[in-house]
Amino acid sequence: MRFKPRPFTEPVGFRCLYCLDCCRGRHVYLTLKDVERIAKAGHDPQDFVTFSVEGDKIRFVLAVREWDLGCVFHDPETGKCRIHEVRPVICRIYPFMVSRKPLGIEGEKPFNYKGETLWLYYDESCPGINAENPETTITPEEIAELGLEFEREFEKTDMDGFARLLDELEK
């Protein structure tokens, strides 16, 4: 399933139903802080970081298994994430999305947060959105904050920083 955006303007209940869709077949960008957090939890970056060249930039991407394109940290038997507590920011955002411009979806409206104008969406194909007996309620403010954090950190993520981080982790 691909992301089917719907405007996210009010808090929604959420409970992960371990449908496995979000952890398979997706390009998960990593920031240096993501790599550091996961490495400090005991995982070797060589086992979970791959690279993507986009124009003149090298991006860091979470590795996937070849046989099902599932995230290397996804447990296919339980559907659970083996690094849930230290998962990447982009994973903490999903099944939501933060955009700097509207997508042209009916009902969307700008969300102003900390002086920034954003458009927020959720994936209507995610069965955990408004599921029965939600584990938590997610607010637009929470997602906007995570989106801005990802944007800030992603912009600072480059090969030089990655090399410095690897040197620090080896000490």
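Pro 95 lies in the loop that runs between helix H3 (89–93) and strand S6 (96–99). In this predicted model, a cis peptide bond links Tyr 94 to Pro 95, with omega at about 15°. Most peptide bonds are trans, and most residues other than glycine have a negative phi.

**Strand pairing around S5**

- Strand S4 (residues 49–54) pairs with S5 in the antiparallel sense, and six bridges connect them.
- Within this pairing, Thr 50 stands opposite Val 61 in S5.
- S4 and S5 form a hairpin that leaves two residues between them.
- Gly 55, in the turn of that hairpin, has a positive phi of about 65°.
- Strand S5 (residues 57–62) is also joined to strand S3 (residues 29–30) by two bridges, and these two strands run antiparallel.
- Leu 30 is the residue that stands opposite Phe 60 in S5.

- Tyr 18, a residue other than glycine, has a positive phi near 55°.
- The loop between strand S2 (12–14) and S3 holds Tyr 18.
- Tyr 18 counts as partly exposed because its relative accessibility is 35%, a value between the limits of 20% and 50%.
- Asn 133, also a residue other than glycine, has a positive phi near 50°.
- Asn 133 is placed in the loop between strand S8 (116–123) and strand S9 (136–138).
- Asn 133 has a relative accessibility of 60% and therefore counts as exposed, the cut-off being over 50%.

Terms used: Residues numbered from 1 in each chain as written. Predicted model: local features only at pLDDT ≥ 70, side-chain atom pairs only at ≥ 80, totals over all residues. Heavy atoms only, no water. Pairing = 2+ DSSP bridges. Helix = DSSP H or I, 4+ residues; strand = E, 2+ residues; numbered from the N terminus. Buried < 20%, exposed > 50% of the residue type's maximum accessible area, 1.4 Å probe, protein only.
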